[in-house]
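Reader: I am new to this structure and would like to be taken through it step by step. Could we look at it together first?

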Amino acid sequence: MSRGNIPASNAKTPLLEVRGLSTQFHTISGVIHAVNNVSFILDEGETMALVGESGCGKSVTMLSLIGLVAEPAGRVVGGEALFYNGISVRDLLKLSKAELRRVRGSDIGMIFQDPLTSLNPIMTIGEQISEAIVAHKGVSMSQARAQTLELLDYVGIPDPHRRIQAYPHQFSGGMRQRVMIAIAISCMPKILIADEPTTALDVTVQAQIVDLVAQLRKELHMAVIWITHDLGVVAGLADRVMVMYGGQTAERAYVDPLYNNPQHPYTIGLLGALPSLTGDESQRLVSIVGTPPDLLEPPAHCLFAFRCPYAFERCWQQVPPLITVGVRHKVSCFYDVGKGAPRDGI
Amino acid sequence: MESETRSLVRVEHLKKHFPITHGLLLSRQVGAVKAVDDVSFDIQEGETLGLVGESGSGKSTVGRSILQLYKITAGKVFFEDVELTALSAEELRKLRPKMQMIFQDSYAALNPRHTVAKIIAEPMAVHGDYDAAQIRLRTLELLDLVSLKEAYLSRFPHEFSGGQRQRIGIARALALNPRFVVCDEPISALDVSIQAQVVNLLSDLQKELRLTYLFIAHDLSMVKHISHRVAVMYLGKIVELAQRKDLFAKPLHPYTQALISAVPVPAPELERRRRRIILKGEVPSPANPPKGCVFSTRCPVAIPECSQVEPSSQQVAPGHFVACHLVNPIVEGTKIT
């Protein structure tokens, strides 16, 4: 592995390497295994999508990495997250609170689903963007203001000189998300984490934001982790996709093989459940029976077995390991759907 | 619209304006939010009409206005050729069993302190001449219809998942054997795998019970899947209405074109090749809609006339209605002179 190399724009250099991440929440009724042994590598400048249904652990995975899991109920109980930045390697999960605070915002930027609750309602958006710049770069207020104006213009907010004094409630949903993006990129982060940034937006505005993030990623050479439940958005946006189910990795692949040759019955089910805008509309949707699993003390076997049409004896006995089925294509399943038989050699 | 088949629901020049008032004691009206502004369409028996639009386009207001849950500002609504808008409250109440609604937020729509048995039985207790035994029988029948277990009868809404709650809502809506059901974003709050379950259930029920749906949604691909005809709303107006096939194969209104192109398709190669029409800006406020065509402020092909004269809805092909000054030139692919 090439550690400490000076990043070249085209070479695949890992930026973030997560190994065996586990996060739990301690509740009155028991321990919720929200994230269970999740690993992945994020390369420089690539977009990775984290896909799954509500409660699958996709957001908690990201919150764990940046130290935002609500303590004391939530706890990262295992794993490491190596962040390669130039010549230094740091384990994000071992940083102190103060160090993490420096990483958030400057090395890793974040945008969330609901910009209205993420923005402070009684501060102008100018103050909020400047605040991030002053906090991380230590520049003067007037320099920060100049940069804020530039940023507002850059993320496509018309008339920045006037809008810098506006409050969040005076902005529409799409504009608020642009403000969030301006804050997130103000310190040129290496990684932008976007947690369902378009879910609350209308489809035409969603297209604008997806476009903007794609453009920023290219221009600023950021890596993007895009968390979503929408496999449609992912198709045009991501280089690689990780599908999560029940706090675990179900499947991980480059975007094309994931859509053209999905291996996990859950991925296959998700794709089948989507109505097509281009194809035959009279086809019946393939639905996945049942509901997502309860992560309160989950059983020690495949969590998808409850809903899986292919489940056999073994699926009820063990947790399937991640099996390599192609170039950086891994699946956590004992069954080969294409062959119609259990996989060999596991 | 003239048609051979019988229309079950007919809406003529429907307007619903919500007043904007100022002052607390001597409040006076200072304006109006034109949530729905002059909308006409009909729904055939056994048909699903999809109604799509972005938030604030007035699609839910149309649904509620048809069911007379709002007092409409102007226009007429017919159900089985009866003018609902002219009925007294009591006469309307007698018709209500035939028109029901399924809501987006099934959690808010179900009383948290009632058991499933009580929730499903309530419409029968209110409207029907059923005795307790009949209600019990019918409740079980309805549960079976929406594939829920009998054991659930004594449970409360919070004990269910979103998809199951939506099934309870559907069972309640069907309790009185309605002919027409307004489905107001019934799947928007559900996970993808559960959405498919509910949509499949709705189409099965339609076939089995000969139901007529108004299916309101912002998800174009789901609307395409379930609807026979689709109406596209923008800022209180229907800008285009056509058979599903026509609307998606050759959308004529620039807004419909942009809307369809903005929907991401779950196919990577296709997504990379697709050319998106990215609309500038956002939907204007319905309290102060633009002059002329409501879409003129964001329209990529607008001409000066568009911001002056409001286009009327015209039939450009059998059953295909469009409200746009430029429709003919767009069809022929030439520029207007």
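The questions and answers below go from the chains to their contact and then to single residues.

Reader: What kind of model is this, and how many helices and strands are there in chain A?

Author: This is a predicted model, and what follows should be read with that in mind. The C-alpha atoms of chain A fill a box of roughly 65 × 50 × 45 Å along the principal axes. As for its secondary structure, chain A comes to eleven helices and 14 strands.

Reader: What is the corresponding radius of gyration for chain B?

Author: Chain B has twelve helices and twelve strands, and its C-alpha atoms fill a box of roughly 70 × 60 × 45 Å along the principal axes. Of its 337 residues, 47% count as buried, while 64% of the contacts with a separation of 6 or more join residues 24 or more positions apart. A compact globule of 337 residues would have a radius of gyration near 20 Å, and chain B agrees with that, at 21 Å.

Reader: Which helix gives the most to the side of chain A that touches chain B?

Author: In the contact between the chains, 37 residues of chain A meet 36 residues of chain B. On the side of chain A, helices α8 (203-220), α9 (231-237), α10 (255-260) and α11 (265-272) each supply at least two residues. The residues of this side divide into 17 nonpolar, 14 polar and six charged. The helix that gives the most, with seven residues, is α8(A).

Reader: Are α4(A) and α7(A) roughly parallel or roughly antiparallel to each other?

Author: The axes of α4 (residues 125-137) and α7 (residues 173-185) of chain A come within 8 Å and cross at roughly 20°. Since angles under 35 degrees count as roughly parallel, the two helices α4(A) and α7(A) are therefore roughly parallel.

Reader: Where is A:P72 found, and what is the omega of the peptide bond from A:E71 to A:P72?

Author: A:P72 is found in the loop between α1 (58-65) and β4 (74-85) of chain A. The peptide bond that leads from A:E71 to A:P72 is cis, and its omega is near 5°.

Reader: Does B:D38 count as buried, partly exposed or exposed?

Author: B:D38 has its place in strand β2 (residues 28-44) of chain B, and although it is not a glycine, it has a positive phi of about 65°. Because B:D38 has 17 C-beta neighbours inside 10 Å, it counts as partly exposed.

Reader: Where in chain B does B:E185 lie, and what is its phi?

Author: B:E185 lies in the loop between β7 (180-184) and α7 (192-209) of chain B. With 19 other C-beta atoms within 10 Å, B:E185 is partly exposed. Although B:E185 is not a glycine, its phi is positive, at about 45°.

Notes:
Residues numbered from 1 in each chain as written. Chains lettered and ligands numbered in written order. Predicted model: local features only at pLDDT ≥ 70, side-chain atom pairs only at ≥ 80, totals over all residues. Axes fitted to C-alpha atoms, helices over the stretch in contact; angles between N-to-C directions. Helix = DSSP H or I, 4+ residues; strand = E, 2+ residues; numbered from the N terminus. Parallel < 35°, antiparallel > 145°, perpendicular 65-115°, else oblique. Contact = placed C-beta atoms within 7 Å. Nonpolar A, V, L, I, M, F, W, Y, C, P; charged D, E, K, R; others polar. Buried ≥ 20, exposed ≤ 12 C-beta atoms within 10 Å, placed from the backbone. Rg over C-alpha atoms; globule rule 2.2 N^0.38 Å.
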